[in-house]
Structure formats: structure tokens, C-alpha cells
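Please have the sequence and the 3D view at hand while reading.

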Amino acid sequence: MSPQRLSATELLDSADLLAALLADVVAGGASLGFLAPLTHGEAASWWRSLAPAVTEGRLAVWAELDGDRCLGTVSLAFTDKPNGRHRAEVAKLMVHPAARGRGLARTLLTRLEDAALDAGVSLLVLDTETDSPAESLYHAAGWTRAGEIPDYATDPAGTPRPTTLFYKRLGARDPARTPQYRSAARYA
């Protein structure tokens with residue numbers, strides 16, 4: 001597995017593949033900010049809307065593309081606040097149901113963490129639905145649970161669900177990990 005960071009052009013070119021993944025994952029019950037049913041057109045439009053943020057360096061998107069489908073993706077959102085440039089938010093970690101259990105989610109997280117370090121980020125944050133399978137992934141990957149907010153977001157069916165907040169401090173690069181990606185300038 002070798003997830004690649006997508007340029008804005010590559011994001012636009014891959015929008016249909018990313019949309020198929022997003023629609024499938026939402027249909028499977030994942031709480032990613034969308035309600036079911038999520039149409040392919042709505043999902044593709046949402047992905048395309050991210051291209052300006054990628055161009056401006058406010059968002060980085062990685063994808064594992066395999067021919068005519070996207071097996072997984074994750075995004076890193078940088079803050080534009082002067083007092084928060086040391087932190088970034090992990091967003092939209094998704095793995096296609098057919099690709100689960102092969103370590104792709106962990107690979108995507110590792111790629112993102114390496115790029116965050118390269119960009120000078122020392123603190124990552126994320127949120128996920130409480131009691132979702134993602135919680136065990138984050139625990140195993142060294143993330144710290146910060147707390148829980150009741151009824152923070154609805155699941156795809158519209159039912160309010162609690163959300164768990166996580167953070168991870170990034171220290172000096174582990175010499176045993178060799179990043180596959182070297183970040184360019186974080187900001188334009």
C-alpha cells in the first residue's frame with residue numbers, strides 16, 4: 001500500500017472515485033458529517049469543493065487508488081490562526097469495506113503523521129463517533145482520548161450520537177520510520 005498525496009488537479013481527477021468511497025462508507029453507517037442516502041453526485045461535488053483548500057495549502061488529502069476505485073483516504077486540515085499553526089486536524093479517514101483488515105487505515109495515519117511533522121506540526125486532533133471501530137484504531141496508534149461530547153453529531157440515519165475527541169503529540173521523528181512523503185511549504 002502506498003497512499004499518495006493528491007494535488008488539487010489529482011483531487012479533481014479522482015473526485016468520482018473518492019465519491020464512490022464516501023457514499024459506500026456513509027451507506028455502511030460511518031458518521032462522516034453526511035446523512036444517508038448520500039448520492040454519488042453530492043459526494044463528488046463535496047470532494048471537488050475541497051480543491052481550492054488543497055491549492056492554498058490549507059488541506060492535504062491522501063488516497064490509496066487501485067485502478068477504478070479508491071480503497072482509502074485521509075485528510076489533514078491546517079489552521080490559519082497564528083496561535084495554532086503548530087496543530088492540525090485529521091479528517092475523513094475512510095477505508096473501503098473490501099480493503100479493511102489489511103492495515104490501510106494505519107498506513108494512512110502514518111503517512112499523515114510524517115507529513116505533519118515535515119510541515120512543523122507538533123499536535124494533531126480528531127473526533128470520531130464514540131464506540132465506533134475507529135476508536136480502537138486511534139488507541140492502538142498512540143492517540144490520547146481527551147473526552148466525549150454527548151449528541152455532538154448525528155449518524156447517517158440522523159440519530160444524535162456522542163463524539164470522542166482525541167489528540168496526539170508528535171515528537172521528534174522516529175528514525176525507524178522512513179516517510180514516503182516530504183512536504184513542500186505548508187502555506188502558499
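The model is predicted.

**Two helix pairs**

Two packed helices are described by the angle between their axes and the distance between the axes. The table gives these values for both pairs.

| Helix pair | Angle between axes | Distance between axes |
|---|---|---|
| α2 and α3 | about 125° | 8 Å |
| α5 and α6 | about 50° | 11 Å |

Helix α2 covers residues 15-27, and helix α3 covers residues 40-48. The crossing of α2 and α3 is right-handed. On the α2 side, the contact is made by A15, D16, L18, A19, A20 and L22. On the α3 side, H40, A43, A44, W46, W47 and R48 take part. Sorted by kind, the residues of this contact are nine nonpolar, one polar and two charged.

The angle between α5 and α6 is about 50°, so α5 is oblique to α6 as well. This pair, too, has a right-handed crossing. Here A105, R106 and L109 of α5 meet L137, Y138 and A140 of α6. The contact of α5 with α6 holds five nonpolar residues, no polar ones and one charged.

**The two sides of α6**

Which residues of α6 are buried? In this helix, residues 133-140, they are E135, L137 and Y138. Seen down the axis of α6, the buried residues fall within an arc of 160°, so they line one face of the helix. An α-helix has 3.6 residues a turn, so residues three or four places apart point the same way.

The buried residues of α6 are covered by several elements, including the helix α5 (104-118) and the strands β4 (87-95), β5 (123-129), β6 (144-154) and β7 (160-169). On the face turned away from the buried side, α6 carries the exposed residues P133 and A140. After α6 comes G142, with a positive phi near 90°.

**A loop residue**

Where does L35 lie? L35 is in the loop between α2 and α3. Leaving aside residues up to four places away in sequence, L35 touches V26, T154, D155, P156 and G158. Between L35 and R169 there are 32 Å from C-alpha to C-alpha, and the two residues are 134 residues apart along the chain.

Conventions. Residues are numbered from 1 along each chain as its sequence is written. This is a predicted model: local features need pLDDT of at least 70, side-chain atom pairs count only at pLDDT 80 or more; totals for chains, interfaces and linings use all residues. Side-chain values use heavy atoms; hydrogens and water are left out. Axes are lines fitted to C-alpha atoms, for helices over the stretch in contact, and angles run from 0 to 180 degrees between N-to-C directions. Helices (H or I, at least four residues) and strands (E, at least two) are DSSP runs, numbered from the N terminus. A crossing is left-handed if the near helix is turned anticlockwise from the far one by less than a right angle, and right-handed if clockwise. Contact means heavy atoms within 4.5 Å. Ala, Val, Leu, Ile, Met, Phe, Trp, Tyr, Cys and Pro count as nonpolar, Asp, Glu, Lys and Arg as charged, and the others, Gly among them, as polar. Buried means under 20% relative accessible area, exposed over 50%, partly exposed in between (1.4 Å probe, protein chains only). The arc is that of the directions from the helix axis to the C-beta atoms. Angles under 35 degrees count as roughly parallel, over 145 as roughly antiparallel, 65 to 115 as roughly perpendicular and the rest as oblique.
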